[in-house]
Amino acid sequence: MFQGSYVALVTPFNEDGSVNFDKLTELVQWHIASGTSGIVALGTTGESSTMTHEEDEDVVRCVMQAARHRIPIIAGAGSNCTETAMMKSLAYEKLGVDGLLLITPYYNKANEKGMYRHFADIAERVKTPIIMYNVPGRTGCGMSTQCVEALSRLKNIKALKEASGSISYVAKVARYISDDFELLSGNDDMIVPLMSLGGSGVISVFANICPGQTSAIVENCLEGDYKTAAAMQLQYLDLINALFIEVNPIPVKAAMNAMGMNVGGYRLPLCEMDEDNYKKLISAMKVLEDR
């Protein structure tokens with residue numbers, strides 16, 4: 001259901017810090033023209049954590065209107081408060097999104113029962129397909145393989161975005177892939193390894209600057225041509241790593257602005273890159289001159 005290359009879309013800001021909806025519309029159109037399979041709005045890359053609920057809904061509404069049902073739209077509805085995540089999920093479902101991305105409950109952390117119920121309780125209230133998001137390096141908590149197995153059986157929990165960075169963990173949860181449950185890479189540097197174990201695609205930061213290349217890596221994997229996919233993955237590996245030289249989405253927005261995409265700045269506590277890191281990012285971007 002969520003097969004392909006999904007971009008974890010940035011939220012562009014105006015100089016005064018407000019959301020730049022004209023640029024947001026432009027980015028959606030560009031991704032559709034570039035072959036991106038779907039769009040994830042309000043993920044970590046979309047800076048939802050610094051935005052109001054009203055702004056979040058306006059962003060989802062804008063993305064939906066720009067896409068006009070040509071590609072799937074996933075809305076990041078996660079929170080460390082289950083009730084808040086529930087509220088967001090119901091609001092985005094009403095707007096007509098094609099899926100919901102729900103992150104593990106950061107900061108609070110939860111025991112095994114609480115982790116299960118965080119997702120299961122929401123799944124009982126919404127009809128929209130859910131993608132769970134496991135990124136322990138960002139949240140300070142992760143999902144056990146047993147929890148993933150139990151949740152994968154629920155009717156509208158349809159996928160796991162896996163970003164632990166552990167191929168061992170990937171192999172364990174890949175056993176739960178079925179016609180009703182998919183595995184998506186949450187790490188751009190692990191698209192090929194994860195898909196070789198049965199994954200369906202990626203939710204990508206890299207796709208913000210290289211949508212065509214990201215789609216090509218995924219498509220080659222889906223066609224079984226892992227040799228070509230691996231060569232592309234390695235070709236862009238230094239740039240992919242540079243996009244995480246500082247906390248996401250600081251580098252990817254800096255890269256987009258360097259490319260003339262004018263997506264604006266950040267909201268505190270995020271701010272401009274360290275000068276030395278910026279130089280490293282620009283140096284890594286030289287690979288794009290040969291594309």
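These legends accompany close-up views of a predicted model.

**View 1. The largest nonpolar core has 89 residues.** Look here for Y92, I130, M132, M143, I209, L239 and L281, the residues with the most contacts inside this core. Helix α2, residues 53-67, gives the most to the core, contributing seven residues. As a general rule, nonpolar side chains in soluble globular proteins tend to be buried together.

**View 2. M132 and the residues it touches.** Leaving aside residues up to four places away in sequence, M132 is in contact with L101, L102, F119, M143, L151, I157, A159, L160, K161 and F181. There is also a second, separate core of 14 residues, and A8, I131, A159 and L184 are among them.

**View 3. Helix α2 and its cover.** With 15 residues, α2 reaches 21 Å from its first C-alpha to its last, close to the 21 Å expected at 1.5 Å a residue. Which residues of α2 are buried? They are D56, V59, V60, C62, V63, M64, A66 and A67. The cover over the buried residues of α2 includes α1 (21-34), β2 (38-41), β3 (73-76) and α3 (82-95). Just after the helix, R68 takes a positive phi of about 50 degrees.

View 4. How many disulfides does a search of the whole structure find? The search finds zero. C141 counts as buried at 8% relative accessibility, and C210 is buried with a relative accessible area of 0%.

Technical notes: Residues numbered from 1 in each chain as written. Predicted model: local features only at pLDDT ≥ 70, side-chain atom pairs only at ≥ 80, totals over all residues. Heavy atoms only, no water. Core = buried A, V, L, I, M, F, W, Y, C linked by side-chain atoms within 4.5 Å. Buried < 20%, exposed > 50% of the residue type's maximum accessible area, 1.4 Å probe, protein only. Helix = DSSP H or I, 4+ residues; strand = E, 2+ residues; numbered from the N terminus. Contact = heavy atoms within 4.5 Å. Disulfide = S-S within 2.5 Å. Expected span 1.5 Å × (residues − 1).
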